[in-house]
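Hi,

Here's the model I promised to send over.

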Amino acid sequence: FLVEHVGADLPLGSVTSDHVRTFRDAVRTLHRLHGKKVGCSFVARQTDNSDHWITDKTAAIIFEPVKAFFRWAKSDEGLITTNPAQDVRLVAAKKVKGVKTRRPFAADELATLFSAPVFRGCRSVHRRYEPGKRLIKDAKFWIPILGLYSGARLGELIQLHVRDVDLDGPVPYLSINEDNLPDSDPANRKHVKSAAGIRRVPIHPDVIALGFSDFDRRKAIQIGKGRVRLFAEFAY
């Protein structure tokens, strides 16, 4: 992004604080979905609509390595005599205490979501959003329900292994962990965001009543056939 912004022909020693400052400001205007614009230029990934800008935290993730690069170029390698990024900072807007940046779904929104044909009955596997008589209890059915009842992150649910489900004890639970087999396929390796994220999450009786036990046991039968992840239909 920086090379595109200043131009590939500009010598490293000619980069000024103005270049870095305007680059920082341009980074802030990146569209929050800019990562999906594969093959697009840096400018094409930006937007004038501030409602769609990336967060200050995301902007810092992009901008801070640029500052680190110029520190390295001056202090470690002596490629430049002055650091043009030294006094340029990306200051995040202060959050108002007590104000949540994300709101939960409202009751009517949840009612609308779970009234969809996916949960009430659809036409077929390929026509899930058309009302019908078929209730297909696969990953697309279970993941939203488990998210509703457990509060687990989407990534935590998608990466679950079959062996992370325990239905035989007095309290059925999902085990969120990083217990990976030494020779496991990289596509099946689990990652938890923080140490506090490693936990056991009780499975609500409503989920069991909906037939989750049958779904889990069908998956367990497939372990001998190389099945590892509970929801292998989705890439992680």
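Let's start with Asn83, which sits in the loop between α3 and α4 (107-113); helices here are DSSP runs of H or I with at least four residues, numbered from the N terminus. Keep in mind that this is a predicted model, where local features need pLDDT of at least 70, side-chain atom pairs count only at pLDDT 80 or more, and totals for chains, interfaces and linings use all residues. Residues are numbered from 1 along each chain as its sequence is written, and side-chain values use heavy atoms, with hydrogens and water left out.

Asn83 counts as buried because its relative accessible area is 14% (buried is under 20%, exposed over 50%, partly exposed in between, with a 1.4 Å probe and protein chains only). A polar atom of the Asn83 side chain lies 2.9 Å from the backbone nitrogen of Ala85. Leaving aside residues up to four places away in sequence, Asn83 touches Phe70, Arg71 and Lys74 (contact means heavy atoms within 4.5 Å).

Next up is Ala60, in helix α3 (residues 56-76). Its relative accessibility is 22%, so Ala60 counts as partly exposed. Asp206 is 146 residues from Ala60 along the chain, and their C-alpha atoms are 42 Å apart.

And the cysteines? Cys122 is buried, at 1% relative accessibility, while Cys40 is partly exposed at 32%. The structure holds 0 disulfides, a disulfide being a pair of cysteine sulfur atoms within 2.5 Å.

Cheers

Technical notes:
Helices (H or I, at least four residues) and strands (E, at least two) are DSSP runs, numbered from the N terminus. A polar contact is a pair of N or O atoms within 3.5 Å; within protein, one must be able to donate a hydrogen and the other to accept it, and residues adjacent in sequence count only if both atoms are side-chain atoms.
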